[in-house]
Amino acid sequence: MTGPSRVATPLVAVDVVAAVDTVGGQVHGLLDGLRSQVASRFDGRRRPTQSELGIDDLAAAMLRLPDLPLAGAGFVAAQDALADVPYWLQWWTTDPDAAQPVVQRLQVQTDPAAEDFRDYTGLAWFTGPRDTGEPCLTGPYVDYLCTDEYTLTFTQPVETAVGLVGVVGADLYVRALEARVLPALARLDSPAALVNATGRVVTASGTGWVTGDLVRDVPVSRWMREGTDGDDAWELHRCTTVPLAVLQATPPLTCDPDPADVPLSGAIRGP
């Protein structure tokens, strides 16, 4: 006797957008609290020392959340924002894949006279919120400073009475977001990819693209800037909590991909 066959129910792009927005909203909600804590330490025009920031417990707690596997979190000071050091990163990291994750302080050279010093104030995750005054998302990129793998970095500017004093941020492995999004992406009725504002692929299903690829034959960055929803071949569905979008081929294919047959990051390149 043969039982009924399982049929995967197709989803639509807004379902994938909702899954991404949920994660983006979670991360930025946490950063709101961290940003408020840092800002409270700048009393008028008085600059605190690095030991007075008081964010250790809060940042570490962000890395122990069971439902949001962040890989890093903390505060990065603007040049001369603190009273005792010209540069400063108060940043914690963890391995969210470990059975018992350990939260550790990231040790980074902050002495500008040292040979191995790197001025982080020129990196995109710092310049983005500094120059726009808005929350930013950097990536996907390989983070050679912290995680050594494809990462998304969420950052927010910390503005006080004296102006910008730095940024708060959090790192999320691309594969962590992929684990939440790809099963839904694979149930769309045509090939699709989650892309950033420049057309860089976060994850994809059935498109031939893999994480980190740049979509060159679809003008994603222009569509994102101009608010265009696509053309006859592709549709663009924007997220609201992060500058990401679902790029979906049109018209839909006639077959439904089975999410159980779709591997995760690094092995999703199509024929």
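Me: Where is Pro140 found?
Reply: Pro140 is found in strand β4, residues 136–142. Strands (E, at least two residues) and helices (H or I, at least four) are DSSP runs, numbered from the N terminus. This is a predicted model: local features need pLDDT of at least 70, side-chain atom pairs count only at pLDDT 80 or more, and totals for chains, interfaces and linings use all residues. Residues are numbered from 1 along each chain as its sequence is written, and side-chain values use heavy atoms, with hydrogens and water left out.

Me: What makes the peptide bond from Gly139 to Pro140 stand out?
Reply: That bond is cis, with omega near 10°. Most peptide bonds are trans.

Me: What is the phi of Asp80?
Reply: Asp80 has a positive phi of about 65°, although it is not a glycine. Most residues other than glycine have a negative phi. Asp80 sits in the loop between β1 (70–77) and β2 (89–93).

Me: Why is Asp80 called partly exposed?
Reply: Buried means under 20% relative accessible area, exposed means over 50%, and partly exposed is in between (1.4 Å probe, protein chains only). Asp80 has 44%, so it is partly exposed.

Me: Why does Cys136 count as buried?
Reply: Its relative accessible area is 16%, which is under 20%, so Cys136 is buried. Cys239 is buried too, at 10%.

Me: How many disulfides are there?
Reply: The count is zero. The rule asks for a pair of cysteine sulfur atoms within 2.5 Å.

Me: Which residues touch the most other members of the largest nonpolar core?
Reply: Tyr120, Leu177, Leu244 and Val246 do, in a core of 65 residues. Helix α1 (residues 13–40) gives the most to this core, with nine residues. A nonpolar core is a set of buried Ala, Val, Leu, Ile, Met, Phe, Trp, Tyr and Cys residues joined through side-chain atoms within 4.5 Å. Another core lies apart from it, with 15 residues, among them Ala204, Trp209, Met224 and Leu236.

Me: Why is the pair of Trp125 and Phe126 called edge-to-face?
Reply: Rings of Phe, Tyr and Trp (its six-membered ring) pair if their centres lie within 6.5 Å; planes under 30 degrees apart count as stacked, over 60 as edge-to-face and the rest as tilted. Here the centres are 6.4 Å apart and the planes are at 75°, so the pair is edge-to-face. Trp125 and Phe126 are both buried.

Me: What makes the pair of Trp209 and Trp234 tilted?
Reply: The planes are at 35°, with 5.6 Å centre to centre. That angle falls between the two cut-offs. Trp209 lies in the loop between β8 (201–205) and α5 (220–226) and Trp234 in strand β9 (residues 234–238), so the pair ties together parts 25 residues apart in sequence. Trp209 is buried at 12%, and Trp234 is buried at 17%.

Me: How do you know that Arg105 lies over the face of Trp92?
Reply: Arg105 is at 5.3 Å from the ring centre. The rule wants NZ of Lys or CZ of Arg within 6 Å of the ring centre and within 35 degrees of the ring normal.

Me: Is Gln248 buried or exposed?
Reply: Gln248 has 7% relative accessibility, so it counts as buried. Its place is in strand β10 (residues 244–249).

Me: What does the side chain of Gln248 make a polar contact with?
Reply: With the side chain of Ser190, at 3.0 Å. A polar contact is a pair of N or O atoms within 3.5 Å; within protein, one must be able to donate a hydrogen and the other to accept it, and residues adjacent in sequence count only if both atoms are side-chain atoms.
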